[in-house]
Every structure is written in structure tokens, then in C-alpha cells.
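Good morning, and thank you for coming. Please have the sequence and the structure open while I speak.

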Protein chains: 2
Amino acid sequence: MNGIAEVARVAGVSKSTASRALSGGGYVSEQTRRRVASAASQVGYVPSASAVSLASGRTKTVGVVLPGVTRWFFAQVLEGIQQSLLSAGLDLVLYDARIGTPGRRRIFDDFLARGRFDGLIAVGVEPHDAELERIEAIRCPVVSVASGGFPDDIAIDDMDVSRRATEHLLGLGHRRILFLGGGTGRETSVESRRLEGYRTAMDAAGLGERVTHVRCDVSVPGGYAAAADILGDLRARPTGIVAVADEVAIGAIIAAQRLGLVIPHDLSVIGVDDHEYAGMFLLTTLAQDARAQGSVAVDLLLRRIEAEPGGLVVPAPQPQARLVVRNSTAAPFETVPA
Amino acid sequence: MNGIAEVARVAGVSKSTASRALSGGGYVSEQTRRRVASAASQVGYVPSASAVSLASGRTKTVGVVLPGVTRWFFAQVLEGIQQSLLSAGLDLVLYDARIGTPGRRRIFDDFLARGRFDGLIAVGVEPHDAELERIEAIRCPVVSVASGGFPDDIAIDDMDVSRRATEHLLGLGHRRILFLGGGTGRETSVESRRLEGYRTAMDAAGLGERVTHVRCDVSVPGGYAAAADILGDLRARPTGIVAVADEVAIGAIIAAQRLGLVIPHDLSVIGVDDHEYAGMFLLTTLAQDARAQGSVAVDLLLRRIEAEPGGLVVPAPQPQARLVVRNSTAAPFETVPA
DNA sequence: CTGAAAGCGCTTACAG
DNA sequence: CTGAAAGCGCTTACAG
């Protein structure tokens, strides 16, 4: 019990007036507003979410789809989203659409269509065509972060980022530079764009023939395993590694150290993200602010939700990556021209 | 549009019958059921979540409160919960109640009371008294995982776990054993119980005077920083470290290696969890299955939700930790009796 | 086995 | 500024 009817009774007004007083819509005299407010807190009134949704057509909820919370970047974006949502008073329903799980399919086929939310944020989803269709079919605003395939995706320029990373190593004098990570399973578009940026820089430096992509899971253990393989072979050893993401870079550093290599003397490593552990490993990286991207996504989404259907919404400014030079990169020790 | 009324019209039955046919309650002839089902798929019927909730009193949603998704353990539990929920067809609303954020307060004061979910799972929440009161005030079943303060908490025996970890080192001949981690900010009960287990084992070995607790954040960088401090001082250096969790243990190993120590020759380290990186660092640990704990929590919660109010529900079996010996622990090199 | 009716707890034009 | 009434889209006893 303790519905709005009870509040109205205690305050001595009608339900309509109580509703207007509480939710702020329409005219209510200041005096009435106060009486209703105190009646509400007196009876401990909490509106029923489903009744509000049904009557108003607004769920006060935002959906978030992402491929798991294991990757540092996704977890950070999620936390940024959550914080913005909390301060806006909105609930967050989570859909963990990890690739290859039976859940992913159900999310796109059933869950998303249920109208549980007023808007959806896709993080790192990289949907295939059928999935994108499903998302476009739901009748509510959608905003995406770091997800290939969506219009107006909020994301750093992935090609630029690894181009700059590669140029950083080239500028230090490296020639044997390898690109590490991604390409296991379906290659995501973020991965391909980063690979492309590396390739572009190598080509521009006349090193197109040296282009090498070693695939691995985008994770610390993934980078570790792949790097352990590569670095074990002395003759093929690169002097520099451009990693698809910091997790991979960190894995590579751990592997290198285990093999007795000294970073950056024997090997330079550069990543993308500015992961929580980057400082610990003195990792040079192209830093991005993941949490901020979550907040920006929420801002944009809320504006889209408020906007008249068909109304224009100023897009969010794109996030920028900046080079943070620490101590995992230096001129190569072997300066012999290869 | 395309509500159940439309489905009923197409199938040539009443809304009541359509509803029964679709949601399975009550008697419907097989033939009618089929007609309704095909009408539903023909018009692309998706029930409105809020209408269903309002009419039935069931939201088909479970709430999850946890202190962030950064800690490996919490992220794993969350993924376990999500998967079980997806296969049960339930939505998950997430509340990130990171300690010290303004959001945490609002979650306990407002969000939890809104009746958005049929049941709540608290993960690692460690509520203080006021928070616990709030949770008890919401009128729905609550299940907790690794959260001090809740009745019937699903958790490994934290005292036992670090007692066994300590005994493992004692059994190898270590005497200078230190407990690393926790105790920054409000010490959680998980942390204190693990510390207590260490203390118990040390006392039993007659080493009560050697008991040492070095506090640090429960994170890899936290363990790294604290261990770098400790290990820098040669004279006070322990031969063994019992870490409050694997993150801390891994941080300590990284710090030790950076200082030129060889694990386990110069230092033994043991953790709790079996973190994703444990294999990479050859970490000896007391392993627990975090994802499974998430599923178990969902099972228990769903049974509580189904149960008659006041009805009994068989509790879930408690998870067990098992010692996984890798290569971060060995007999101490200095065998000189201290 | 099926249908008419009431009701879940709000919000929102519409009169006044 | 306020109230009576309809309605959001379902489910659920209750009759039949």
C-alpha cells in the first residue's frame, strides 16, 4: 500500500494534484506542494516503477549492452555510464553479450525488444548485420561507444592512434616493429582499424615489407603467450611492439622480462588505453579517458530521449587520445641498419 | 500498438484467452494455444514489461548491488549472475555502489526501494548498519555473495582460507611470514576474517610475535606499491607473503621481480581466488569459482522468489576453496633458524 | 475451456 | 490552481 492515493488522502487533495505536486508537472500552489511532499515522506511513499512507466510511457531506465566486463576499457565505460545514470536518477539494465555465448543471441532476439528502457547504449558491441538490424528495430534512441557499425559512434580515431604509436617508435629509430593482438575469432573493426593505422605508418616509412601482425587474444595472458613465442626466437625478434591495447602490451612486457630482456633497452612496447596498470609497468601508451566516454554517451542519450522525435541533437564531441610517454619505449639498442 | 488485443483479434479469441495461451497460466485448448501463438508471431507481439509488472506484480527483473566491477572477483560473479539470469529470461538492473561515491548513498536511499526487481543479489557489499537496514526494509528476497553482514551469505570460509594459506607456507619451513593487503579505508569483514585466519595459524605455530599486517589496496598496483616498500628493506624482508587476494599477490610478485628477487627462491607468495592471471605468474593460491557463486546465488534467489512467503527454501551449498600449488611457493632459501 | 469485467498504480488531457 | 475520469497494457479471479 502507501500508494499515491494514500498520500493524497493524508494531504487532503486529489490523486491528480498529488501526482502533479510530486512529479513536478503542471501548476500546483506552493502550499499544496508542501503539504503533499510532507504527506509523502510521512507515509514513506515510493512510486511504483511499473505504474509510472505504464502511465507515462517512460521507464526511467537505460539499457547497456557490452561484450563482458573483463576488458578494462569496457569496465571503465560501464562505470562512467553508471555514475552519470545514478546522478540523473535513472536505472541501468545490463546485457552482457559476450561473443559466442548463448546469451548474446537471446539478448538481440528477445531482451532488447521488450521495451524495458528509454534508450540504449552499446559499448564495444561490434554487431554483425542481423544484430544491427535488431537494434535498429527497437523504437528508442541508441548511442554507441567504441562499437564498429553504428552511426555516430563515440570513439577515438583508432587508425590515427596506432599510426601515432607506430610513428613514435619509428621516430626513435625502430625499423623492426610488429603489431600485436586481435584477430582471434572474428576480427573487430576496432582491431582492424588499429592494424590499418600501423600498416599506414609502416608503409609511409618505406617499411611495408616489414609489416607483421601477430594475432592474440586482447588480454594480458593473450599478450603474454604470444610475446613469449615471438621473443623466444632471437633472430626474428622485433625491437618494437605496437600493441592493439594496453592489456596486450602489458602481457608482452611481462613475457619479455621473464625472458630476461630489459625494457626499453632490448625491446620497446607501446599500447593504447592507459590501463590501470600502465603506470606500474611504465608503459608508454596512447591514453584515452574511458569513464568520460561513458558519461558523454549518457549525456547524448538523454538529450536524444528528451528531443522531439525527428528533432536534431548536437552530437557529442569525439574523445581524443594523447600520447603518454613513460619508460617502455626508447631508441633501439641495436642501431645496426638492418 | 501490436498489443495483446491485436493478437487476440487476429486469433479470434478474447484478450483473456490470448493472455492465458501466451503466458501459460490456466487452461487453454491446444488448438487455441497454437492459433494464438501464431497470431502473436505474425504481428510481432512483444509484451509490455511495465504492463505485465503492474498487472502481475512480477517485474521479471533481478537487482544486483556491488562495489564496482574492477575487482576480478566481483566481475566474475556478475558474469555468472548475468548468464543464469539470461537463460531464465530475467533482466538484470545493476547498482554500482562503490564505497565513497555519492552514488552509493542514493542507491541505498532511493533506488533500492523503487520496487524495480523481484529479488536482489548483493555482491561484496559489506553494508554498514544503516545500509543493511535499508536492504532489510525492501520487501523482496535478498541473497548475498561474499558480503559480510548478511544472513546466509554465500561465501568461502575466509578465515579457513588464509589459515590454510599460512599453514602451506609454515609447512614449507617459512617463519617470517607477513600478511599483505586490506585495511585501507574501512576494513571489510572479508579482509578481517582472512587476517584472522593468518593470525590463528601463526599463533598455533608459536609465531604470534611475528604476526605482521601490511595494509594496502586490494589491487595489483596496491600490492605492488606495498611490496616494493617492504622488500626494499633487506633486514626486515619476509620469506613468505600471504596475500588477502590474488591481485595483491600478483602485485607483490611483480614488485619482487623488479627488485631482482627470484620467486620462489627468494620469496614465496600465496593468494586467494585463482585470478585470470594466476597461471601466468605461476601463483599458488586458494582457488574459488567466482562465476559459479553467481549462478548459485541466482538459483537460490529464484527459489526464494517462487516460494510462498514464509515458506522454507533449502539454502545453497557453500562454495569451497581448494589449494592450487603452482610455483610461487617453495621452502625458504635461508634455512637458518631465526 | 473461454469471455466479460475489474483492477494493478500511476499520469494526463480536459473541464472547471 | 484543482478534481473527475479515462486510460496505459496487461493479468486474474469469477462466471459460465
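Predicted model: local features only at pLDDT ≥ 70, side-chain atom pairs only at ≥ 80, totals over all residues.

Let me begin with chain A. Its secondary structure comprises 12 helices and 10 strands. The C-alpha trace spans about 90 × 40 × 35 Å along the principal axes of chain A. The radius of gyration of chain A is 26 Å, whereas a compact globule of 338 residues would have a value near 20 Å. Of the 338 residues in chain A, 50% are buried. Among contacts in chain A with a separation of 6 or more, 72% are between residues 24 or more positions apart.

I turn now to the sheet. In chain A, 6 strands form an open sheet in the order 6-5-7-8-9-10, with mixed pairing. Which strands stand at the edges? They are strand 6 and strand 10 (322–324) of chain A; each has a single partner strand, so one side of each is left without a neighbour in the sheet. Further in, strand 5 (residues 177–180) of chain A runs parallel to strand 7 (residues 240–243) of chain A, and 4 bridges join them. Within that pairing, A:F179 stands opposite A:V242 in strand 7 of chain A.

For strand 5 I move to chain B. Strand 5 (residues 177–180) of chain B is joined by 4 bridges to strand 7 (residues 240–243) of chain B, and the two run parallel. There, B:L178 has B:I241 as its bridge partner in strand 7 of chain B. Strand 5 of chain B also pairs in the parallel sense with strand 6 (residues 213–214) of chain B, over 2 bridges. In this second pairing, B:L180 stands opposite B:V214. Strand 5, helix 9 (residues 189–204) and strand 6 of chain B together make a right-handed β-α-β unit.

Which way do the residues of strand 5 of chain B point? B:I177 and B:F179 point one way, B:L178 and B:L180 point the other way, and all are buried. As background, side chains in a regular strand alternate between the two faces of the sheet.

Next, the contact between the chains. Chain B and chain A each bring 39 residues to the contact. On the side of chain B that touches chain A, the elements supplying at least two residues each are helix 4, helix 5 (72–88), strand 2 (91–96), helix 6 (102–109), helix 10 (220–232) and helix 11 (246–258) of chain B. Helix 5 of chain B gives the most, with 6 residues. By class, this side of chain B divides into 20 nonpolar, 12 polar and 7 charged residues.

Now the DNA. Around DNA strand C there are 27 residues, of which A:G3, A:S19, A:A55, B:S16 and B:Y27 come nearest. Two or more residues of that surface come from each of helix 2 (15–23) and helix 4 (49–56) of chain A, and from each of helix 2 (15–23) and helix 4 (49–56) of chain B. The surface near DNA strand C has 11 nonpolar, 13 polar and 3 charged residues.

DNA strand D also has 27 residues around it, and here A:S16, A:Y27, B:G3, B:S19 and B:A55 come nearest. Helix 2 and helix 4 of chain A, with helix 2 and helix 4 of chain B, are the elements that give two or more residues to the surface near DNA strand D. That surface has 11 nonpolar, 13 polar and 3 charged residues.

I close with individual residues. A cis peptide bond joins A:I263 and A:P264, with omega about 0 degrees. A:P264 is in the loop between helix 11 (246–258) and strand 8 (268–273) of chain A. In chain B, B:I263 and B:P264 are likewise joined by a cis peptide bond, with omega about 5 degrees.

Two residues of chain B other than glycine have a positive phi. For B:A146, phi is about 50 degrees. B:A146 lies in the loop between strand 4 (142–145) and helix 8 (158–171) of chain B. Why does B:A146 count as buried? The reason is that B:A146 has 27 C-beta neighbours inside 10 Å, and 20 or more are required. For B:D273, in strand 8 of chain B, phi is near 140 degrees. B:D273 is buried, with 28 other C-beta atoms within 10 Å.

Finally, is B:P315 buried or exposed? B:P315 is exposed, because 12 other C-beta atoms lie within 10 Å, and 12 or fewer is the limit for that class. B:P315 is in the loop between helix 12 (290–306) and strand 10 (322–324) of chain B.

Methods: Residues numbered from 1 in each chain as written. Chains lettered and ligands numbered in written order. Near = placed C-beta within 6 Å. Nonpolar A, V, L, I, M, F, W, Y, C, P; charged D, E, K, R; others polar. Rg over C-alpha atoms; globule rule 2.2 N^0.38 Å. Contact = placed C-beta atoms within 7 Å. Pairing = 2+ DSSP bridges. Right-handed = clockwise from strand over helix to strand, strands pointing away.
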